[in-house]
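Please look over the model below before reading on. The notes that follow go point by point.

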Amino acid sequence: MTSTFAEHISGQDQFDLHPALDSRLLRDVIHPSRSLWTPRELRDLTSFVASELTTGLLSILEYSADRRWWARLGLTEGVELWLLSWLPGQGTEPHDHGGSAGSFTVLSGSLREDYRYPAGPIRSAVRTTGDALGFGSGRAHQVLNPFDGPAATVHAYSPPLVPTREYASLLDIPDSIPPLPAHRLPLSELRRLADQEGP
Ligand SMILES: [Fe+2]
């Protein structure tokens, strides 16, 4: 489950940061005024947070046998940032991110990622501690922990809170992705969605 944390609103309501991570450093790298992030920028963000804010992340990190656990680390009108944990056997269904760009960096442990671009082959890779990747729209994946030990990852998506789409199989991903929302949501609405839906 989502850990309970007091929402911290700063910078004239431009961003939320998890109190355990709030720092000048994170305020700088989350770029509250940036409305759209590229896959590379997202990868740099998750990689930076995993490597430079490790102590804060480990103070938050929990595992849940009932359901995959997550905590929201940050939110702006341009990006969402999450910490997720994966016990052995836990994973996602095949899904895409509805046209958002995304990234994850492995904080600890290892995961298997099966992924596919439209009309491409299904590929499989082991992502292990320190691995960081960014991806644009059109890519679908399934992430699973088939290993003996737990894992934790830092994720970011832009635009934030665009609904994911799940598939029975990665073979089902369509050639085209839905258009991104023409009207971007204000932070107050994004916060409500994030509380409801998680990553
Ligand atoms: Fe995903």
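1. The charged end of Arg 68 sits over the ring of Trp 86, 4.6 Å from its centre. Here a charge counts as over a ring if NZ of Lys or CZ of Arg is within 6 Å of the ring centre and within 35 degrees of the ring normal. Arg 34 likewise lies over the face of Trp 37, 4.4 Å from the ring centre.

2. A caution on the source. This is a predicted model, where local features need pLDDT of at least 70, side-chain atom pairs count only at pLDDT 80 or more, and totals for chains, interfaces and linings use all residues. Residues are numbered from 1 along each chain as its sequence is written, and side-chain values use heavy atoms, without hydrogens and water.

3. Now Gly 91. It is found in the loop between β4 and β5 (95-96). Strands are DSSP runs of E, at least two residues; helices are runs of H or I, at least four; both are numbered from the N terminus. Gly 91 is in contact (heavy atoms within 4.5 Å) with Arg 68, Trp 86, Val 143 and Leu 144, leaving aside neighbours within four places in sequence. Leu 144 is 53 residues from Gly 91 in sequence, yet their C-alpha atoms are 4.0 Å apart.

4. The largest nonpolar core has 25 residues. Such a core is a set of buried Ala, Val, Leu, Ile, Met, Phe, Trp, Tyr and Cys residues joined through side-chain atoms within 4.5 Å. Buried means under 20% relative accessible area, exposed over 50%, partly exposed in between (1.4 Å probe, protein chains only). Among the members that touch the most others are Val 49 and Leu 57. α2 (39-52) is one of the contributing elements, and gives the most, four residues.
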